[in-house]
Structures are given as structure tokens and as C-alpha cells.
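Reader: I have a structure to go through for class, and I would like to talk it over with someone. Could we take it one topic at a time?

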Amino acid sequence: MTMTVSVRERSAALGRQVLQALLDEVTLTPKPGLVDLRSRGAHTDLNWALMCHSACVLQPVFAAMADAGAQSEDDDQLRQRIGAIGRNGEALMLAATGGVNTHRGAIWALGLLVTAAAQQGARGASLAPTAVAARAGALARLHDRGAPGATGNKGELACRQYQVDGARGQARAGFPLVTGAGLPALHASRARGDNETTARLNALLAIVSQLDDTCLLSRGGESALLALQEGAARVLAAGGAATADGAKALLALEAVALARGVSPGGAADLLAATLFLDRLTQGEAHGNA
Ligand SMILES: CC(C)(COP(=O)(O)OP(=O)(O)OC[C@H]1O[C@@H](n2cnc3c(N)ncnc32)[C@H](O[C@H]2O[C@H](COP(=O)(O)OP(=O)(O)OP(=O)(O)O)[C@@H](O)[C@H]2O)[C@@H]1O)[C@@H](O)C(=O)NCCC(=O)NCCS
Ligand SMILES: Nc1ncnc2[nH]cnc12
């Protein structure tokens, strides 16, 4: 009995940590093309308040996935369970936003990661980012029998048209751009004394510079993807968002995103995933500086 209560409490705490990561991501400012505290970026149907509302509505969904992860004995059953919770979460999101896709990618990526973190925690296994991401990747590779054969979503269509792996591929590979780009950039930036906002912006740019983001592909095609990847790499090569040259390059990147009407929504989700994994090992020490 006491055991059940403490599993629930830990799951609820993980749900709050996901919520915090989503709020930190959307509040991070200035982001190129994305919704932030200043603006809607390249979006007409999204804004900061709607993104925050959506994140709050989804908190119990992430806690339910964590609960499933903590209590699971069998990976295949767990995969079916979180697939169902994720689809229900998507329906809740659409009902709460009047049909706007605020967090589909986040439900997918952070859903897998929070499940994996809860499973690792319940087994007394490592909560290191690489261990949690690898566990999440293993879950993503299992067949979700409740999933429709085709979603018809823009990401899926872009994957087919441009021969990229998209959100599914990133998860099945164990989130290599979270562990290999976002987290290293976040930590390197903090280590050289950048403030937390700059460190998070540099983590986002490191992800944008390498990700085949289907949000960019579906709105702007390959030329938009390349323009954003190269623009993000230029900010980092100039020393990152904290330097004068980097800040100039970031403004130029934002102008490119707005002129093309594109937004790196997949990279934003992976930044939230980066911040979640960082928080798992760092505790709640980092505020929005
Ligand atoms: C397996 C799914 C991820 C279904 O994916 P599908 O291929 O069907 O396509 P999408 O709906 O496009 O979902 C993919 C979302 O993932 C984000 N993303 C894009 N590229 C990548 C990438 N390379 N790596 C990781 N993540 C990526 C992205 O999400 C963000 O963008 C959303 C806004 O996108 P969009 O609707 O295109 O919006 P706009 O461009 O603004 O549209 P318009 O205004 O122009 O109309 C936003 O939500 C961000 O989150 C992609 O959208 C999965 O969804 C699935 O199977 N779900 C059900 C089960 C489940 O959730 N399980 C979870 C636990 S197992
Ligand atoms: N900040 C943001 N702006 C637009 N789309 C997003 N998807 C996830 N985070 C986002």
C-alpha cells in the first residue's frame, strides 16, 4: 500500500518535471521562428499562453506514462499501454487547444523518456541521460499495435517525400541529438560561464544545426531545412548566442525563419527533452536566468 503511494508520488513528480521542461522551452527567448515570450514566431495559430495551457493539460498524461513505466513487468505490454495513453493525450491536447497541434511531438518524445526514466528508477538503474535515452529508444522500437498504419500527419508525409527518419527515427535511435548535441552544448555553454538562457539557446541551435526537422521540411522543403541548419551552425561557429557576432547571426537566423514562414518545432521538442534529462540528474537547480 505504502509502496503504491510512493510510486504514484514519484510518477507525479516526473510529470511535473516534464511540465517544467515544456514551460522552460516555450519561455526561452529569443528563439528563431518558434513561439516564445515575445512572439508567435512563424505561427498564426499558436502563442505562448496556448502552449503553456497545453503543457498543463498534458501533465497528468506524462504522470500516467511514468506510472505505467514504474509498474511495468513486460516491455511489450508497457509499449501498448503508453501508446494508448499517448493517443488519448493527443486527443486531450486537441480538445484543449481547439484542434491546434501544440505538443504532438512532445507527447511522443517526452512520453517515451518519462516512461523510461520511471522504469529505470523503479529498477534502481541509472538515471544518466544516455541510459534513460537508450531505454526510451528500446521502447520506441517495439511495435505499437494500436497505432494506425498511417497517420497522414505532415511529419509522416515529409519523411516519405524527403527520405528522412523524422520523430520516429530520432526516438528509435535513442535520441542521439539530445544526448549527442543538445546536452553537450548545454553543459559546454554553462561550463564557459554563459547564463542559463544562453546555454539553452546554444543547446537548441546545436539541435537545429543537425536535425532533419519535418516541421521545416513540410512547410519550406529542403532549402528551408538547409537554411536553418546552416544559420544555426553559423551562430555556434561565431561563439554562440552570448557573443556579439553570435547574437547578430541569431538575429539573421530569425529573419530567415520568418521570411520563409518556417519554424523548427521538432528541435523545440528535443530541447524540452534535453532540459528534462538534464533536470533528472541536476535536480531543480537551474532557473530561467
Ligand atoms: C509517431 C508520431 C511522432 C507520429 O508522427 P507523424 O510522423 O505521424 O507526424 P507528426 O504529427 O508530424 O509528428 C511528428 C512531430 O514530431 C516533431 N518532430 C518533427 N521532426 C522531428 C524530428 N526529426 N525528430 C523529433 N521530433 C520531430 C514535430 O512536433 C512539433 O511540431 C508540431 C507542430 O507541427 P505541425 O503540426 O506540422 O505544425 P505546423 O507546421 O505549425 O502546422 P501548420 O500550422 O502549418 O498547419 C508541434 O506539435 C511540435 O511538437 C512533429 O509534428 C506520434 O505522434 C505517435 O505515434 N503518437 C501516438 C502515440 C504516442 O504519442 N505515443 C507516445 C508514447 S509511445
Ligand atoms: N516553442 C514552440 N513554438 C512552436 N512550435 C513548438 N513545438 C514545440 N515547441 C514549440
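Reader: By class, how many nonpolar, polar and charged residues does the shell around ligand 2 have?
Author: Please keep in mind that this is a predicted model. In it, the shell around ligand 2 has six nonpolar residues, four polar ones and two that are charged.

Reader: And which residues are they?
Author: Around ligand 2 you will find Glu25, Val26, Leu34, Val35, Gly41, His43, Leu46, Ala106, Ser263, Gly265, Ala268 and Asp269. Helix H1 (2-27) and H12 are the elements that give two or more residues to this shell, and H12 gives the most, with three residues.

Reader: Changing topic, which residues have the most contacts inside the largest nonpolar core?
Author: Those are Leu110, Leu113 and Ile207, in a core that has 86 residues. In soluble globular proteins, nonpolar side chains tend to be buried together.

Reader: What is Leu110 in contact with, leaving aside its neighbours within four places in sequence?
Author: Leu110 is then in contact with Val18, Phe62, Ala272, Ala273 and Phe276.

Reader: Now H9, is that helix mostly covered or mostly open?
Author: H9 is mostly covered, since eleven of its 13 residues are buried, and among them are Arg200, Asn202 and Ile207. What covers these buried residues includes helix H8 (176-191), helix H10 (214-237) and helix H12 (265-282).

Note on methods:
Residues are numbered from 1 along each chain as its sequence is written. Chains are lettered from A and ligands numbered from 1 in the order in which they are written. This is a predicted model: local features need pLDDT of at least 70, side-chain atom pairs count only at pLDDT 80 or more; totals for chains, interfaces and linings use all residues. A residue is buried if 20 or more other C-beta atoms lie within 10 Å of its own, exposed if 12 or fewer, and partly exposed in between; C-beta atoms are placed from the backbone. Helices (H or I, at least four residues) and strands (E, at least two) are DSSP runs, numbered from the N terminus. Two residues are in contact if their C-beta atoms, placed from the backbone, lie within 7 Å. A residue is near a molecule or strand if its C-beta atom, placed from the backbone, lies within 6 Å of it. Ala, Val, Leu, Ile, Met, Phe, Trp, Tyr, Cys and Pro count as nonpolar, Asp, Glu, Lys and Arg as charged, and the others, Gly among them, as polar. A nonpolar core is a set of buried Ala, Val, Leu, Ile, Met, Phe, Trp, Tyr and Cys residues joined through C-beta atoms within 7 Å.
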